[in-house]
Amino acid sequence: SEPVSDASILIPKKMDAPGTVKSLKTVYEYLKKALPAGKGEDEMQNDLCGIASELGIKNAGVFNPLRAAVTRLKVSPPPFSCIKLLGAEESFKRIEDAIALLEKSAN
């Protein structure tokens, strides 16, 4: 499927492209450790809520960009279900594509 071409679907309400890049990069680094470690969905969800808190943003500022990056849709099933279906490698590639698009739109 085609990469996200419209950065606006990645950026949550009340956030901007640079803030979304920071959020998505933080989530990406977390997932690169959590998925190979076999963390469960509940644990990852709790950890992402903690990341949102650390970044000083609402949970949607972490989950919505991840969901849009992985599924390439603004509305979709939960991101972890989609990651499981797509596999880590494809999910990571999609997150990387989304970060690159956001970085371009942030400049």
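How many disulfides does the structure hold?

1. The model is a predicted one, and the structure holds zero disulfides. Cys49 takes part in none, since its nearest cysteine sulfur, that of Cys82, is 17 Å away, whereas a disulfide requires sulfur atoms within 2.5 Å. Cys82 is likewise in no disulfide, with the sulfur of Cys49 as the nearest cysteine sulfur.

2. The surroundings of the two cysteines should be noted separately. Cys49 has a relative accessibility of 24% and therefore counts as partly exposed. Cys82 has a relative accessible area of 11% and is buried.

3. The largest nonpolar core comprises 30 residues. Those with the most contacts inside this core are Leu10, Leu31, Leu48, Leu66 and Ile95. Two or more residues come from each of H1, helix H2 (41–55), H3, H4 and H5; H1 gives the most, with eight residues. As general background, nonpolar side chains in soluble globular proteins tend to be buried together.

4. Leaving aside residues up to four places away in sequence, Leu31 touches Pro36, Met44, Leu66, Phe80, Ile83, Phe92 and Ile95. Two of these contacts, Leu66 and Ile95, are also listed with Leu31 among the residues with the most contacts inside the core.

5. Helix H5 covers residues 88–106 and has 19 residues. From its first C-alpha to its last, H5 reaches 26 Å, close to the 27 Å expected at 1.5 Å a residue. The buried residues of H5 are Ser91, Phe92, Arg94, Ile95, Ala98, Ile99, Leu101 and Leu102. What covers them includes helix H1 (17–34), helix H3 (60–71) and helix H4 (79–86).

6. Which rings form the aromatic pair? The count comes to one such pair. The ring centres of Tyr28 and Phe92 are 5.7 Å apart and their planes stand at 85°, so the pair is edge-to-face. Because Tyr28 lies in helix H1 and Phe92 in helix H5, the pair ties together parts that are 64 residues apart in sequence. Both Tyr28 and Phe92 are buried.

7. Phe92 has a further neighbour of interest. Lys32 lies over the face of the Phe92 ring, at 5.6 Å from the ring centre. Phe92 is also one of the residues that Leu31 touches.

How values were computed. Residues are numbered from 1 along each chain as its sequence is written. This is a predicted model: local features need pLDDT of at least 70, side-chain atom pairs count only at pLDDT 80 or more; totals for chains, interfaces and linings use all residues. Side-chain values use heavy atoms; hydrogens and water are left out. Helices (H or I, at least four residues) and strands (E, at least two) are DSSP runs, numbered from the N terminus. The expected span of a helix is 1.5 Å times one less than its number of residues. Buried means under 20% relative accessible area, exposed over 50%, partly exposed in between (1.4 Å probe, protein chains only). Contact means heavy atoms within 4.5 Å. Rings of Phe, Tyr and Trp (its six-membered ring) pair if their centres lie within 6.5 Å; planes under 30 degrees apart count as stacked, over 60 as edge-to-face and the rest as tilted. A charge sits over a ring if NZ of Lys or CZ of Arg is within 6 Å of the ring centre and within 35 degrees of the ring normal. A nonpolar core is a set of buried Ala, Val, Leu, Ile, Met, Phe, Trp, Tyr and Cys residues joined through side-chain atoms within 4.5 Å.
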